[in-house]
Amino acid sequence: MTFTIDSFHFHVLPMHARFPFKYGIASMTALPHLFVSANLVVDGKAVSGLASEGLPPKWFTKNPDTLFEIDLAEMIAVIQNASRIARLAAEKPTGFFTWWQNLYTEQSSWARVKETPSLLANLGVSLIERAVLDGLCKALGQPLHAVLRSDVLGIDLDAVRDELRGMRVADVIAPTPLSHVHARHTVGLGDALSDPEGSPEDGLPYTLEETIRAYDLRYFKIKVCGKPEIDLPRLREITRVFTANCPSGFHATLDGNEQFYDLASFREFYATLRADAALAPLFQNLLLIEQPLHRSQALHDDVGQTLRSWNEGPGMIIDESDGSLADLPRALDLGYRGTSHKNCKGIVKGLANAALLKKRAATIPGGPILSGEDLANVGPVALLQDLSVMALLGVTHVERNGHHYFRGLSMHSAATQEAVLTTHGGLYHRHAQGFATLKIENGDIDLRTVNAAPFGCGITLDMNQFEPLNAWIKRGGMGEL
């Protein structure tokens, strides 16, 4: 199968949060949701592919001294540059993997010259990659899992990393994609736990207690700020809420959000928390620690010395530090147990990471960890594509928070919401107030329609309902956020 790329088009849907989502150094109240459509010709047949991503503040670059407008302009620049490279790499008929190699290599070279961090640069690669994959799945009339198992894309894991010689994508992904996944609910730094004061009263649960009861949640991701005087009382209350509202038990992860600059300090912080008797139920059910060290320090040699000597420590993974193909091998060498998957870090890269964890499984003390994390993804495109990949990677519990910080799909037209409800009746349901919102039952998300659709989405979106990116920028749309 070969294809050419005729054009890319960018559109924006501004989105406002129900209430602030505080993580790390940022507090998100609004963001632009960017749609990328790709016009392809696949084996002589014209087809359009689509991808989307919310562009959040202070994640791809965590510089406290820059304005969000500056960060957003950088995000848009890396996406547009990736589209330029992608189009040139497919002026003549090309296979997917050869095209992806050119895109990744050229974007990385451009980023080095521009001194753009690899995590940010690969946002561009991942969005363009997803739009093209969506088009190819549509042209083949098959879901992504089937396309990957057939090897029609020609993905050569050995060419991605020498260490993966002899491994095929079909050996890495699940034989059949998961039909359900546990929703791991985010407890943001500013989220209300049991006090309903400040509730938006928009029909959706607000406090942690309300949310657990509404969705019967059992999996949670807790963000910490790294200051015991703040984290300890908050974690005590969170633990109380869990034990009181999760009669069948719970599981949790801790997200350090890069709050520490050396592992010894984090180890001391962790010991302080673990010594608190009120937190015993939390630590008995703790699954992993996510990225406690700032990305500038997380992969230094001294981290490996501390990790290897910390026998009683938790399973620790990287997240923001997983920017390039070189980062996970380095992290495993240092003693981390794995990484996160987010579609914003790339599909081929995610497959290569899963392959590496499988390859090294026997040498990783405690076993490898591939976690599913979130960037406040919402449907009808980004969330479903992300869930599609989680299902084929076999990730059993996934951080999901877009449905919590945003009011379902209420920002979309009635026609779009109806299309989602018709196509994905197990994944979405109509709220009593009329809008479509994610359906979580017994703490689980139903992925069956996602797995059946070409790359998860399965509906056609009319891009004319959204504002073109250039028009949005020129009229000062960033100032509305």
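Mentor: Let us begin with strand β5 (residues 219-223) and β6, which run parallel and are joined by five bridges. The model is predicted, so local features need pLDDT of at least 70 and side-chain atom pairs pLDDT 80 or more, while totals for chains, interfaces and linings use all residues. Residues are numbered from 1 along each chain as its sequence is written, and side-chain values use heavy atoms, with hydrogens and water left out.

Trainee: Which strand is joined to β6 by four bridges?

Mentor: That is strand β7 (residues 286-290), which runs parallel to β6. Leu 254 has Ile 289 as its bridge partner in β7.

Trainee: Why is strand β6 called mostly covered?

Mentor: A residue is buried under 20% relative accessible area, exposed over 50% and partly exposed in between, using a 1.4 Å probe and protein chains only. In β6 (residues 251-255), four of the five residues are buried. For the chain, buried residues make up 60% of the 481 residues.

Trainee: What makes the pair of Phe 19 and Tyr 405 edge-to-face?

Mentor: Rings of Phe, Tyr and Trp (its six-membered ring) pair if their centres lie within 6.5 Å; planes under 30 degrees apart count as stacked, over 60 as edge-to-face and the rest as tilted. A search of the whole structure finds 19 aromatic pairs. For Phe 19 and Tyr 405 the centres are 5.5 Å apart and the planes at 65°, so the pair is edge-to-face. This pair links distant parts of the chain, with Phe 19 in strand β1 (residues 3-23) and Tyr 405 in helix α15 (residues 402-405), 386 residues apart. Both Phe 19 and Tyr 405 are buried.

Trainee: Why is the pair of Trp 59 and Phe 60 edge-to-face?

Mentor: Their ring centres are 5.0 Å apart and their planes stand at 90°, so the pair is edge-to-face. Trp 59 and Phe 60 are both buried.

How values were computed: Helix = DSSP H or I, 4+ residues; strand = E, 2+ residues; numbered from the N terminus. Pairing = 2+ DSSP bridges.
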